[in-house]
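Please read these points next to the sequence and the structure. They go from the chains to single residues.

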Amino acid sequence: MTALRISGVLTLIGLALMAWSMLQPTWMPVMIAMSVGQLVGTSAFAIFLVVIVRDLRRRVRAEPPP
Amino acid sequence: MASWISNNGFTAVALACAATSALLVIWFLVRRPALTSATKIVLLLAIGVLPIATAATGNVSGYEATKQRSFCGSCHVMTPYSADSDDPTSMTLASRHARNGLFGEANCYGCHADYGMFGTITTKLGGLRHVYEYVFHYHQMSPAEALAKIHIRTPFQNSTCMHCHSTDVPVWNAVREHASLLPRLRDGSVSCASAGCHGPAHPFSKVIAR
């Protein structure tokens with residue numbers, strides 16, 4: 001759950017950077033949103049996927065064989 | 001700002017996706033629900049689908065924003081150029097194009113963009129070089145200092161003008177100077193934007209060896 005919360009916080013940071021570039025479309029916000037913002041957002045999604053895949057594997061292993 | 005957002009559908013969609021995503025993430029962080037299937041689906045939307053939609057539509061919005069004169073003028077060393085385009089009394093080539101509805105707020109991009117199949121890509125790569133030059137060489141300069149140093153990297157191509165002003169139409173060829181200079185205009189040895197013809201493009205234009 002800690003990893004998911006980190007993922008959530010990273011998502012908020014990425015979204016904030018992307019929203020900043022749209023509300024103030026000057027060179028610095030646009031450059032930051034298209035590089036750092038998207039990198040942070042992609043990292044958040046990657047963490048989410050890792051957590052979900054691990055959770056699914058753990059559940060499959062925990063299930064008794066038929 | 002509100003009118004800019006409403007004029008740009010992609011921006012509105014991106015902001016709506018970002019707001020929805022943020023609300024769902026905040027709900028997850030504050031309420032700390034158990035990791036059930038329903039929570040996973042909500043998180044897939046909040047951390048995956050909606051941010052990807054925000055990034056996709058935001059990218060389009062960002063690329064469109066980079067065509068605006070206000071974006072070019074957001075580097076302080078470019079403000080004299082954008083101010084000249086904004087000046088309704090200026091008779092420079094740039095300002096006259098800014099007053100043309102077909103160019104309007106996108107007059108910098110309209111004349112400085114490369115054309116052809118990969119024109120947009122080469123233009124954006126050139127824009128990245130502009131950012132590099134600005135951050136590492138011009139950021140600390142005053143506009144007055146920068147005006148003396150900034151120059152166009154390669155001579156302005158007449159083909160950019162000819163993208164709109166065709167040299168094949170009779171009206172264009174009816175101008176005596178056009179007809180007599182046609183071969184030299186096409187091979188680029190005479191510039192449309194030279195001082196004796198339609199230039200200078202900007203009040204601070206410099207002569208570059210062709």
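Helices (H or I, at least four residues) and strands (E, at least two) are DSSP runs, numbered from the N terminus. The model is predicted: local features need pLDDT of at least 70, side-chain atom pairs count only at pLDDT 80 or more, and totals for chains, interfaces and linings use all residues. Residues are numbered from 1 along each chain as its sequence is written, while chains are lettered from A and ligands numbered from 1 in the order in which they are written.

1. Chain A. This chain has 2 helices and 0 strands. Its radius of gyration is 17 Å, well over the 11 Å that the globule rule gives for 66 residues, so chain A is more spread out than a compact globule. The radius is taken over C-alpha atoms, and the rule is 2.2 Å times the number of residues to the power 0.38. The C-alpha trace of chain A spans about 60 × 15 × 15 Å along its principal axes. Of the 66 residues of chain A, 39% count as buried. A residue is buried if 20 or more other C-beta atoms lie within 10 Å of its own, exposed if 12 or fewer, and partly exposed in between, with C-beta atoms placed from the backbone.

2. Chain B. Chain B has 12 helices and 0 strands. For its 210 residues a compact globule would have a radius of gyration near 17 Å, but chain B has 23 Å. Its C-alpha trace covers about 80 × 45 × 30 Å along the principal axes, and 24% of the residues of chain B count as buried. Among contacts in chain B between residues at least 6 apart in sequence, 56% join residues at least 24 apart. Two residues are in contact if their C-beta atoms, placed from the backbone, lie within 7 Å.

3. The interface. In the model, 29 residues of chain B are in contact with 28 residues of chain A. On the chain B side, H2 and H3 are the elements that give two or more residues, and H3(B) gives the most, with 13 residues. By class, this side has 18 nonpolar, 10 polar and 1 charged residues. Here Ala, Val, Leu, Ile, Met, Phe, Trp, Tyr, Cys and Pro count as nonpolar, Asp, Glu, Lys and Arg as charged, and the others, Gly among them, as polar.

4. The cores. Which residues touch the most other members of the largest nonpolar core? They are Met18(A), Phe48(A), Ala18(B) and Ile47(B), in a core of 37 residues. At least two residues of this core come from each of H1 (2-23) and H2 (27-62) of chain A, and from each of H2 (9-31), H3 (37-65) and H4 (69-72) of chain B. Apart from this core lies another, of 8 residues, among them Leu93(B) and Phe156(B). A nonpolar core is a set of buried Ala, Val, Leu, Ile, Met, Phe, Trp, Tyr and Cys residues joined through C-beta atoms within 7 Å.

5. H2 of chain A. H2(A) has 36 residues and reaches 52 Å from its first C-alpha to its last, close to the 52 Å expected at 1.5 Å a residue. The expected span is 1.5 Å times one less than the number of residues. A kink of about 40° in H2(A) is centred on Ala33(A); the bend at a residue is the angle between axes fitted to the seven residues ending there and the seven starting there. The buried residues of H2(A) include Trp27(A), Ala33(A), Phe45(A) and Phe48(A). They pack against H1 of chain A together with H3, H4 and H8 (119-138) of chain B.

6. Gly48(B). This glycine is found in helix H3 of chain B. Gly48(B) counts as partly exposed because 18 C-beta neighbours lie inside 10 Å. Leaving aside neighbours within four places in sequence, Gly48(B) is in contact with Phe45(A) and Phe48(A).

7. Backbone points to check. Arg32(B) has a positive phi of about 50° although it is not a glycine. Arg32(B) sits in the loop between H2 and H3 of chain B and is exposed, with 11 other C-beta atoms within 10 Å. The peptide bond from Gly199(B) to Pro200(B) is cis, with omega near 0°. Pro200(B) lies in the segment after H12 (176-187) of chain B.
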